[in-house]
Amino acid sequence: MAEDKKVVLVPPFTRETAALKVRAAEDGWNSRDPQRVSFAYSVDSRWRNRSEFVTGREQIVSFLTRKWERELEYRLIKELWAFDGNRIAVRFAYECHDKSGQWFRSYGNENWEFDAEGLMIHRHACINDLAIEESERLFHWPLGRRPEDHPSLTDCHC
């Protein structure tokens with residue numbers, strides 16, 4: 001009986017492991033569980049997210065808690081853009097609405113750097129928001145993990 005191949009998601013990344021790392025990050029963020037998401041980052045991880053600077057897991061949890069209190073019905077797709085050694089670049093889009101019911105699609109790029117254990121030590125995010133009508137939404141899966149058969153960003157033409 002063949003043993004299942006376990007893929008280790010630590011640098012240096014291959015195309016396969018970088019793509020799996022991106023999907024793992026997407027799945028974590030789609031859980032909307034700040035504590036779960038924080039464990040993908042080193043204890044002293046440093047972020048730049050728009051104009052906010054975050055350092056360490058405690059601040060990551062606080063940041064994500066605030067984020068998902070205002071970004072309701074959040075659904076995210078990430079896509080591998082490039083990788084080299086211990087760095088990965090992704091592009092992403094997510095949809096959510098605010099408490100007034102206004103829907104948004106946010107587009108962005110992230111640059112990630114990882115330590116030898118595969119924890120993210122740096123995250124730099126640039127994000128642009130577009131107000132959309134509910135009828136313009138593209139991401140309709142049930143809250144949580146994006147289904148395998150849902151189109152990628154490239155396939156959505158996002």
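**Charges and rings up close**

Guide: Let's start with Glu52, which is partly exposed at 29% relative accessible area (buried means under 20%, exposed over 50% and partly exposed in between, using a 1.4 Å probe and protein chains only). Bear in mind that this is a predicted model, where local features need pLDDT of at least 70, side-chain atom pairs need 80 or more, and totals for chains, interfaces and linings use all residues. Residues are numbered from 1 along each chain as its sequence is written, and side-chain values use heavy atoms, leaving out hydrogens and water.

Glu52 meets Arg66 in a salt bridge, 2.4 Å from N to O (that is, a Lys or Arg side-chain nitrogen within 4 Å of an Asp or Glu carboxyl oxygen). Arg66 lies in helix α3 (residues 56-70) and Glu52 in strand β2 (residues 52-55), so the pair ties together parts 14 residues apart in sequence. Helices (H or I, at least four residues) and strands (E, at least two) are DSSP runs, numbered from the N terminus. Arg66 is partly exposed as well, at 34%.

The count comes to 15 salt bridges. One of them joins Arg145 and Asp27 at 2.8 Å, N to O. Arg145 sits in the loop between β6 (120-132) and α4 (153-156), while Asp27 is in helix α1 (residues 15-31), so this pair links parts 118 residues apart in sequence. Asp27 is buried at 12%, but Arg145 is partly exposed at 42%. Then there's Lys67 with Glu71, closest N and O atoms 2.7 Å apart; Lys67 is buried at 5%, and Glu71 is buried at 12%. Shared partners also join Arg23, Glu26, Asp27, Arg145, Arg146 and Glu148 into one salt-bridge network.

Now the rings. There are 10 aromatic pairs (Phe, Tyr or Trp rings, the six-membered one for Trp, with centres within 6.5 Å; planes under 30 degrees apart are stacked, over 60 edge-to-face, the rest tilted). Trp29 and Trp47 are stacked, 5.9 Å centre to centre with 25° between planes. Trp29 is in helix α1 and Trp47 in strand β1 (residues 41-49), so the pair bridges parts 18 residues apart in sequence. Trp29 is buried at 4%, and Trp47 is buried at 2%. Trp68 and Tyr74 have centres 5.6 Å apart and planes at 65°, so they're edge-to-face.
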